[in-house]
Amino acid sequence: MKPRIVVTRKIPEPALELLREAGQVWLPEPDHLLSTEELHAAVAGADAVVSTLQDRVDGAFADAAGPQLKVVSTIAVGYDNIDVPALHARDVVVTNTPGVLTDATADLAFGLLLSVTRRLGEGERLLRDRKPWQFHLGFLLGTGLQGKTLGIVGLGQIGTAVARRARAFGMDIVYTGRRRAAEDVERELSARYLPLEELLRSSDVVSLHCPLTPQTRHLIDADALASMKPTAFLINTTRGPVVDEEALAEALARGVIAGAGLDVFEKEPEVHPALLELENVALTPHLGSATTETRTAMAVLAARNAVAVLRGEEPPTPVRS
Ligand code: GLV
Ligand code: GLV
């Protein structure tokens with residue numbers, strides 16, 4: 001019998017082709033986010049599930065699928081939606097898609113950084129609101145990046161790619177994380193390791209690139225924000241709950257920090273209403289990896305991961321526990 005492969009959302013055709021060569025593919029018709037009940041019903045009897053970051057994958061999910069489930073392949077680098085120990089305990093392989101979205105996500109982080117420091121959103125809103133304006137020397141002044149310090153929280157693949165872009169803009173790099181980066185990475189970026197508290201105190205822009213884990217939930221809370229410079233900016237392109245959004249909205253409103261660029265939110269797709277009222281915030285709706293090229297590469301890698309496990313082979317990018 002052909003393996004049953006459940007795909008929880010519409011995916012690019014090249015990925016679907018790979019899956020169709022390997023098994024019987026089920027997709028929601030029409031494409032929509034499955035409720036927990038729909039998800040559990042859909043995965044029943046699945047040998048492989050190709051999922052997205054919106055699907056809650058836990059022990060109940062695995063039990064709904066059944067003991068034949070061999071692999072859950074998420075089309076994302078972050079896997080905070082997956083209870084990896086619960087799946088590994090049931091001998092289910094978990095895979096994600098690191099690497100292929102590094103540049104797209106770093107580009108978006110840098111776009112938000114430029115947008116908020118140069119007040120691009122404010123300028124655009126002014127024009128679209130048909131407000132009168134005139135060039136003058138003090139008009140909508142932003143903050144320059146040259147000679148400023150970028151603090152990277154989590155110098156993984158994406159953090160490193162952001163740091164490379166920042167170097168090209170003339171910024172100095174400091175970073176923090178669970179461990180020191182490789183020496184050649186530190187040397188290439190002239191990056192200095194600092195404990196989080198010192199990084200927050202000394203950075204002009206702080207960009208978050210750590211995964212969401214119990215240790216990083218609300219890593220940036222009211223105290224962390226208070227330790228940043230009042231002229232500093234916060235960029236978040238990882239996961240919303242790494243930041244206490246309520247505390248951030250208050251800090252931005254009170255001038256505790258100068259501004260923020262946010263691609264992710266604590267209660268996605270909701271955005272804290274106070275953030276929507278503030279001019280000093282650049283907002284995008286979780287677009288980090290949203291290019292045609294990157295989404296295709298992510299889906300193809302996810303399909304290759306699923307197919308490899310179904311064939312009894314080692315998948316290209318497994319999540320280890
Ligand atoms: C997107 O947020 C991802 O984790 O790939
Ligand atoms: C993700 O790919 C990371 O390691 O930053």
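Start with strand 1 and strand 3 (residues 48–51): 3 bridges join them, and the two run parallel. Strands here are DSSP E runs of at least two residues, helices are H or I runs of at least four, and both are numbered from the N terminus. Two strands pair if DSSP finds at least two bridges between them. In this pairing, Val-7 stands opposite Val-50 of strand 3.

A word on ground rules. This is a predicted model, where local features need pLDDT of at least 70, side-chain atom pairs count only at pLDDT 80 or more, and totals for chains, interfaces and linings use all residues. Residues are numbered from 1 along each chain as its sequence is written, while chains are lettered from A and ligands numbered from 1 in the order in which they are written.

Back to strand 1, residues 4–7. It also pairs with strand 2 (residues 24–26), in the parallel sense, over 3 bridges. Which residue of strand 2 is the bridge partner of Val-6? That is Trp-26.

Now the side chains of strand 1. Arg-4 and Val-6 point one way, Ile-5 and Val-7 the other way. Buried or exposed? All of them are buried. Buried means 20 or more other C-beta atoms within 10 Å of the residue's own; exposed means 12 or fewer; partly exposed is in between; C-beta atoms are placed from the backbone.

Next, the domains. The assignment gives domain 1 as 4–98 + 292–310 and domain 2 as 102–283. Those bounds come from an automatic or database domain assignment. The domain centres, taken over C-alpha atoms, are 32 Å apart. Contact here means C-beta atoms, placed from the backbone, within 7 Å.

Two ligands to look at. Around ligand 1 are Leu-53, Ala-76, Val-77, Gly-78, Leu-101, Gly-288 and Ser-289. A residue is near a molecule if its C-beta atom, placed from the backbone, lies within 6 Å of it. That shell has 4 nonpolar, 3 polar and no charged residues. Around ligand 2 are Val-77, Pro-98, Thr-102, Gly-156, Gln-157, Ile-158, Gly-159 and His-209. Helix 7 (residues 157–168) gives the most to this shell, with 3 residues. By class, ligand 2 has 3 nonpolar, 5 polar and no charged residues around it.

Now some backbone details. A cis peptide bond joins Glu-29 and Pro-30, with omega about -5 degrees. Pro-30 lies in the loop between strand 2 and helix 2 (36–43). Another cis bond joins Glu-268 and Pro-269, with omega about 5 degrees. Pro-269 is in the loop between strand 11 (259–262) and helix 12 (273–277).

Then positive phi. Arg-119 has a phi of about 60 degrees although it is not a glycine. Its loop runs between helix 5 (102–117) and helix 6 (120–128). Arg-119 counts as partly exposed because it has 19 C-beta neighbours inside 10 Å.

Last stop, Pro-315. It lies in the segment after helix 13 (292–310). Why is Pro-315 buried? Because 22 other C-beta atoms lie within 10 Å. Leaving aside neighbours within four places in sequence, Pro-315 is in contact with Val-93, Thr-95, Asn-305, Ala-308 and Val-309. The C-alpha atoms of Pro-315 and Val-94 are separated by 9.3 Å, with the two residues 221 apart along the chain.

How values were computed. Ala, Val, Leu, Ile, Met, Phe, Trp, Tyr, Cys and Pro count as nonpolar, Asp, Glu, Lys and Arg as charged, and the others, Gly among them, as polar. Two residues are in contact if their C-beta atoms, placed from the backbone, lie within 7 Å.
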